[in-house]
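Here are my notes for you, as numbered points. Please keep the model open beside them while you read.

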Amino acid sequence: MRVVSLVPSLTEAVAVSAPGLLVGVTDWCTHPADLAARGAVRIGGTKNPDVEAVVRLRPDLVVANEEENRAPDLAMLREAGVEVLVTEVRGLDQAFAELDRLLTGALGLARPRWLDEAEAAWARAEPAGRLRAVVPVWRRPWMVLGRDTFAGDLLARLGVENLYAGHPERYPRVPVQELAGADCDLVVLPDEPYRFTREDGPEAFPGRPAALVSGRHLTWYGPSLAEAPQVLGAALAAAR
């Protein structure tokens with residue numbers, strides 16, 4: 001089977017579970033690091049894939065996500081006769097179900113060990129306390145996690161209450177003055193999609209503890225989920 005993945009986390013999930021299936025990946029697919037050596041061709045970004053290049057690869061399946069990829073691009077692929085599997089991931093349980101649907105269902109693989117390990121790791125995860133937080137994901141303009149997000153669900157399972165979880169938008173734009181004045185215990189700053197660092201982000205929230213966390217472990221649904229509770233928990237603990 002020939003597979004093109006338009007989702008970085010699903011690229012890693014397929015590559016780790018069945019080396020050799022991937023023939024095309026996006027420019028944002030960074031894991032595993034040897035995708036080019038495995039023969040995977042870069043076909044553009046998640047939001048602007050080169051549809052013609054994808055079709056030329058003659059994939060049996062294109063793997064996509066309703067949030068990360070644009071409906072018009074997926075429609076063009078279907079019109080060209082390409083089968084497209086679109087995932088929806090708004091929480092951890094849904095992520096596990098969608099990964100199983102892709103790997104064992106669509107691809108016909110044996111259930112990978114890492115998926116069992118990831119489920120077990122999250123079943124053991126315990127909240128480190130109850131912390132109220134704002135979670136910026138972009139700057140210029142400032143945007144935060146709102147309602148119904150995968151990353152928000154992971155944080156909630158680790159004891160972090162997202163201050164904007166009840167917002168009507170999933171990724172609302174919020175003035176930084178409002179964020180800096182929010183009644184919260186800390187600010188959670190991931191390194192993707194915006195790359196927050198110690199020098200870029202915490203200074204906007206003077207006097208507020210900042211947890212700099214791995215965006216891959218917070219937002220990717222794939223093999224990284226197995227170590228995510230430990231990695232994220234350590235980052236949250238270090239901020240207090």
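1. A64 has V86 in strand 5 as its bridge partner. The two strands concerned, strand 4 (residues 61–65) and strand 5 (residues 84–87), run parallel and are joined by 4 bridges. Between them the chain passes through helix 3 (residues 71–79), and this β-α-β crossover is right-handed (with the strands pointing away from the viewer, the path from the first strand over the helix to the second runs clockwise). Helices (H or I, at least four residues) and strands (E, at least two) are DSSP runs, numbered from the N terminus.

2. A word on the source: this is a predicted model, in which local features need pLDDT of at least 70 and side-chain atom pairs count only at pLDDT 80 or more, while totals for chains, interfaces and linings use all residues. Residues are numbered from 1 along each chain as its sequence is written, and side-chain values use heavy atoms, with hydrogens and water left out.

3. Which order do the strands of the open sheet take? The sheet has 5 strands in the order 3-2-1-4-5, with parallel pairing (two strands pair if DSSP finds at least two bridges between them). Strand 3 (41–42) and strand 5 stand at the edges with a single partner strand each, so one side of each has no neighbour in the sheet.

4. Helix 1 (residues 8–17) is mostly covered, with 8 of its 10 residues buried. Among them are P8, L10, V14 and also E12. Buried means under 20% relative accessible area, exposed over 50%, and partly exposed in between (1.4 Å probe, protein chains only).

5. Now to the charged pairs: the whole structure holds 16 salt bridges (a side-chain nitrogen of Lys or Arg within 4 Å of a carboxyl oxygen of Asp or Glu). One of them is formed by E119 and R111, at 3.0 Å from N to O. E119 is partly exposed at 31% relative accessibility, and R111 is partly exposed with a relative accessible area of 31%.

6. R132 and E161 meet in a salt bridge at 3.6 Å, N to O. This pair links distant parts of the chain, with R132 in strand 6 (residues 131–134) and E161 in strand 9 (residues 160–162), 29 residues apart. R132 is partly exposed at 29% relative accessibility, as is E161 at 40%.

7. R147 forms a salt bridge with D148, their closest N and O atoms being 3.6 Å apart. Shared partners join E66, R90, R147 and D148 into one network of salt bridges. R147 is partly exposed at 32%, and D148 is partly exposed at 38%.

8. Please look at the largest pocket too, which has about 1000 Å³ of space. Its lining counts 31 residues, and E67, E68, E192, P193 and T219 lie nearest its centre. Helix 1, strand 7 (136–138), helix 6 (150–157) and helix 8 (215–219) each give two or more residues to the lining, and the largest share, 3 residues, comes from helix 8. By type, the lining divides into 14 nonpolar, 8 polar and 9 charged residues.

9. For the pocket terms, the search uses a 1 Å grid over the protein atoms alone: a pocket is an open set of points where a 1.4 Å probe fits, with protein on both sides within 12 Å along at least five of seven lines, and lining residues have an atom within 4 Å of a point. The volume is the space filled by probe spheres set on the points, which are joined across faces, edges and corners. Ala, Val, Leu, Ile, Met, Phe, Trp, Tyr, Cys and Pro count as nonpolar, Asp, Glu, Lys and Arg as charged, and the others, Gly among them, as polar.
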